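Work through the exercises below with the sequence and structure open. Try each task before reading its solution.

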2 protein chains.
Amino acid sequence: MSHPSDIEIARAAKKRPIREIGAELGIPEAALVPYGHDKAKVSADFIEGLSKRPMGRLVLVTAINPTPAGEGKTTTTVGLGDGLRRLGHKAAICIREASLGPCFGMKGGAAGGGRAQVVPMEDMNLHFTGDFHAITAAHNLLAAMIDNHIHWGNELGLDQRRITWRRAMDMNDRALRDLVCGLGGLANGVPRETGFDITVASEVMAILCLATDLDDLQRRLGDIIIGYTGEKVPVTARALKADGAMTVLLKEALQPNLVQTLEHTPAFVHGGPFANIAHGCNSVMATTTALRLADFVVTEAGFGADLGAEKFMNIKCRKAGLSPAAVVVVATIRALKMNGGLGKDALGAEDVAAVERGCANLGRHIENMKSFGVPVLVAINRFSGDRKAEMEAVEAFVRAQGSEAFACTHWAEGGAGTSALAARVAEVAAADRTGFVPLYPDAMGLFEKIETIAKRIYRAEGVTADKKIRDQLHAWEEAGHGHLPICMAKTQYSFSTDPALRGAPEGHYVPVREVRLAAGAGFIVVICGEIMTMPGLPRRPAAETIGLNAEGQIEGLF
Amino acid sequence: MSHPSDIEIARAAKKRPIREIGAELGIPEAALVPYGHDKAKVSADFIEGLSKRPMGRLVLVTAINPTPAGEGKTTTTVGLGDGLRRLGHKAAICIREASLGPCFGMKGGAAGGGRAQVVPMEDMNLHFTGDFHAITAAHNLLAAMIDNHIHWGNELGLDQRRITWRRAMDMNDRALRDLVCGLGGLANGVPRETGFDITVASEVMAILCLATDLDDLQRRLGDIIIGYTGEKVPVTARALKADGAMTVLLKEALQPNLVQTLEHTPAFVHGGPFANIAHGCNSVMATTTALRLADFVVTEAGFGADLGAEKFMNIKCRKAGLSPAAVVVVATIRALKMNGGLGKDALGAEDVAAVERGCANLGRHIENMKSFGVPVLVAINRFSGDRKAEMEAVEAFVRAQGSEAFACTHWAEGGAGTSALAARVAEVAAADRTGFVPLYPDAMGLFEKIETIAKRIYRAEGVTADKKIRDQLHAWEEAGHGHLPICMAKTQYSFSTDPALRGAPEGHYVPVREVRLAAGAGFIVVICGEIMTMPGLPRRPAAETIGLNAEGQIEGLF
């Protein structure tokens with residue numbers, strides 16, 4: 001039997017009016033700011049009034065290291081949310097918004113798949129409620145104010161060679177990576193080298209996702225370091241008086257968006273920072289709002305657990321005072337086989353030994369997640385070709401780790417496909433067995449924090465870094481930034497910095513190439529390897545085949 | 001007695017839920033796509049169903065040449081709409097959306113003023129319903145696809161020195177006017193000179209405002225000429241296969257936005273093309289939708305009647321098959337005095353002679369408007385310092401022209417302040433005395449069209465242009481673009497191309513500096529003088545003082 005495509009399922013979905021979804025969480029209609037009939041923002045006033053309410057249980061969905069075979073983290077987040085709701089729990093999910101740019105390259109949508117999707121998926125992959133456009137505008141206002149400041153006399157003494165604030169666009173446009181602006185003569189400002197990053201890589205995006213209210217948002221925006229004077233003194237957005245206007249531009253965007261899954265589970269979809277140079281989770285506003293309204297909130301973090309979950313714990317949870325009640329690590333038989341050394345073409349045949357080899361990757365993620373003091377479960381996201389013996393091998397492996405694995409069929413069956421997992425998650429989370437502790441204390445030295453992540457999470461032998469980088473870290477410590485957490489930017493395909501090294505490598509070194517201070521977001525970005533902050537389009541971009549069909553429906557976007 | 005400020009009035013306004021505003025026009029709630037509780041888009045499906053309905057009467061509000069003293073065109077449009085509705089007519093107004101960029105420079109809002117405003121004014125001056133962001137995205141997708149095409153081998157043989165499509169941003173950012181992109185090596189594409197225009201100057205904006213439905217939108221987007229091959233053959237957006245994805249990005253934006261005046265008159269606020277290099281009117285979609293739902297629709301066109309109304313007639317009305325039933329020319333005593341030769345400091349004292357001299361400007365606009373075969377009335381937008389003798393001088397002058405002038409006090413009194421004007425407009429428009437004819441036929445040669453505008457509207461002695469420009473016009477005629485109307489880009493401060501030449505100059509020449517083909521929008525842009533398509537910020541940008549106050553209200557934006 002052939003399955004309908006994601007878009008066919010999404011189009012056939014009978015959505016409930018968004019006010020009914022809000023009502024399920026006790027949000028009155030007046031507290032919903034509608035965007036069409038199927039999307040709404042939850043008003044800031046209403047959220048402020050929730051602050052005294054107790055919080056529900058937070059469940060993090062993370063995954064083994066990603067492979068081209070796919071894991072299905074978002075799909076599992078949706079499926080688990082639906083599964084919890086089917087069991088009668090007041091449940092909600094929290095995921096990230098999709099970036100517009102990659103949709104025109106080759107990436108499909110970011111709203112789950114099969115029977116485990118969030119709708120309206122077209123909107124979510126296009127302008128949605130305009131949050132990313134607002135972030136782009138706020139980012140570029142600051143940039144315009146910087147060049148304007150220099151043009152009118154440069155009172156603050158900015159060194160135009162030391163301006164670190166670039167411009168942003170939500171588009172895959174490699175030609176904007178490096179450019180010289182301010183050309184054409186006196187009236188057009190001062191020529192200097194700069195470039196554009198994609199909006200999801202903007203520090204404004206990370207700030208919006210970590211801010212707890214408008215005041216906190218403005219404070220963080222003001223703290224952004226946009227560059228340095230000739231004497232290397234940092235200059236902030238506040239010094240340029242840009243923080244107020246940026247906050248005004250982001251006032252609506254800070255309010256979390258509410259949509260629904262195919263099964264009408266409330267879904268908060270809000271914010272979408274990069275998972276390498278930023279922390280890769282949906283907004284704190286969405287997560288805390290959901291936790292004050294629902295008993296169980298299922299959320300996810302970008303990439304595999306070594307990057308995404310580590311940052312979720314050490315940056316988002318630490319800073320927002322959140323304490324996850326359970327972690328679900330998603331794996332697929334196919335991805336385990338690739339982690340076990342098989343190529344993409346060899347995934348079709350039964351190969352229990354390869355699965356068992358690949359389990360080393362899964363096992364290490366389980367161990368790592370447990371080290372945060374949180375109960376860990378495993379979801380095996382089933383594909384139709386998976387063999388019984390392969391499934392049993394994973395289940396046995398996970399049992400031997402002192403954890404439990406659950407076969408899940410939410411892609412084909414929706415929430416019904418996660419009933420066993422959901423029941424156990426509810427049980428474990430409700431038992432409040434969590435004793436969440438971040439990996440390192442605020443007070444630890446910055447380089448030591450990097451080493452701790454590298455050794456304890458990546459199982460590296462050590463960290464290598466030039467004296468220049470160590471000196472920079474020391475300088476930031478002396479300037480009062482030593483308490484900040486670390487945001488690692490490395491390949492998502494391996495525990496190491498070598499994307500080809502699958503499974504559970506050991507004994508490797510983590511070379512730090514560059515460090516950056518995100519003073520507004522509140523973390524130190526540590527770059528290990530090539531990190532691209534402005535993607536390009538492929539030879540045949542998806543945009544060429546995207547269009548409206550005769551019925552006015554969007555084709556080619558997914 | 002001191003008047004409350006615009007923002008105080010707007011904040012104190014009791015807005016009706018947008019569904020009630022829609023209901024007044026017979027739009028069912030399901031046909032409104034809400035954006036918050038006070039803004040909505042009118043759904044494309046509903047609009048399609050209106051196509052057989054008869055149209056109401058269209059009234060254009062235009063003005064004498066603008067001066068620093070102000071005329072109040074938008075305010076009069078709002079006031080007249082409110083006035084018609086107070087008389088019991090089913091009335092609506094149609095105005096343009098505001099550009100975000102200038103709000104952070106020094107310009108105030110664009111939603112009327114005093115008791116004649118459209119609300120919610122904060123939203124209208126910020127992201128509103130996201131239309132401009134969608135236009136920016138569509139514009140920049142095309143730009144990214146151009147550089148991507150060159151990067152991957154340049155199959156179409158584009159000459160990178162002949163690419164005319166720039167990028168767009170809704171921001172005043174002079175540093176982006178001229179730049180070299182594609183730097184940084186092989187992976188970043190091919191270095192070339194280009195730059196950014198502000199979004200309102202994008203041809204995509206003009207296209208959105210002239211498109212009659214989604215098919216027409218896509219056809220026009222496909223027709224955009226993005227540059228030329230080495231053999232000077234034009235290359236279109238269609239050849240790059242960008243038209244489908246651009247249409248998808250603009251699908252929601254094409255639906256007109258509905259808001260309300262302070263007196264709850266339905267207000268369509270949609271699109272906002274530049275009034276120099278584009279035609280400067282709100283969208284055809286908004287105007288035709290309003291005309292099918294209301295008996296009287298009051299709209300406006302950018303700048304003075306020589307630029308704005310001329311384009312409204314010769315581009316918008318001609319192409320959309322609209323026929324205005326009446327034209328209202330707005331003047332103020334202060335602006336007439338400036339046209340009569342007074343400086344800004346001399347406007348306070350009574351000076352009937354200066355008013356009478358300035359009336360030459362008004363008189364010529366009246367004459368010009370009458371030449372389109374449409375009844376013309378004059379609105380004198382009263383300021384508190386205007387003298388009785390000055391008012392009477394204008395009234396006498398207008399009477400002598402065979403027209404009528406009405407003193408209006410809508411700024412202070414809302415719709416009650418335009419009752420006499422509204423009654424007469426309704427009478428004149430309902431009499432269907434209009435015999436609307438555009439100024440020139442489609443078949444006229446392009447240079448002859450330019451001469452016709454210059455001589456008949458500007459009263460110039462003639463047009464000067466290099467052979468190169470005349471050759472270019474001939475080449476376009478031979479390529480099949482000869483039927484297109486002309487979009488003049490000249491100073492708005494004078495009938496001539498010299499901004500200092502107020503009143504009613506004669507005998508001047510109009511020098512054509514450059515011509516551009518906007519094949520998608522469907523007009524030839526004729527540039528006479530310096531035209532800036534990317535503004536800069538002033539020394540002390542408004543952004544520095546924009547922010548949220550302790551009550552969470554926006555300060556400094558207006």
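## Exercise 1: Salt bridges

Over all chains, the rule gives 62 salt bridges, each a side-chain nitrogen of Lys or Arg within 4 Å of a carboxyl oxygen of Asp or Glu. This is a predicted model, where local features need pLDDT of at least 70, side-chain atom pairs count only at pLDDT 80 or more, and totals for chains, interfaces and linings use all residues. Residues are numbered from 1 along each chain as its sequence is written, chains are lettered from A and ligands numbered from 1 in the order in which they are written, and side-chain values use heavy atoms, with hydrogens and water left out.

**Task.** Find the salt-bridge partner of Glu24(A) and say which parts of the chain the pair links.

**Solution.** 
- Step 1. Glu24(A) pairs with Arg85(A); their closest N and O atoms are 2.5 Å apart.
- Step 2. Glu24(A) lies in helix H2 (residues 18–24) of chain A, and Arg85(A) in helix H4 (residues 73–86) of chain A. Helices here are DSSP runs (H or I, at least four residues), strands likewise (E, at least two), numbered from the N terminus.
- Step 3. The two residues are 61 apart, so the pair links distant parts of the chain.

## Exercise 2: The interface

**Solution.** 
- Step 1. Trp152(B), Arg174(B) and Val248(B) supply 11% of what chain B buries against chain A, more than any other three residues.
- Step 2. Count residues in contact (heavy atoms within 4.5 Å). Chain B gives 65 and chain A gives 65.
- Step 3. Look for charge pairs. Across this interface there are 4 salt bridges. One of them joins Arg540(B) to Glu155(A), with the closest N and O atoms 4.0 Å apart.

## Exercise 3: Two helices of chain A

**Task.** How do H14(A) and H15(A) cross?

**Solution.** 
- Step 1. Locate helix H14 (residues 352–370) and helix H15 (residues 388–400) of chain A.
- Step 2. Their axes come within 10 Å and cross at roughly 35°. Axes are lines fitted to C-alpha atoms, for helices over the stretch in contact; angles run from 0 to 180 degrees between N-to-C directions.
- Step 3. The crossing is right-handed, meaning that the near helix is turned clockwise from the far one by less than a right angle.
- Step 4. Residues in the contact include Cys359(A) and Ile366(A) of H14(A), and Phe397(A) of H15(A).

Notes:
Buried area is the accessible area (1.4 Å probe) that two parts lose on being put together, summed over both.
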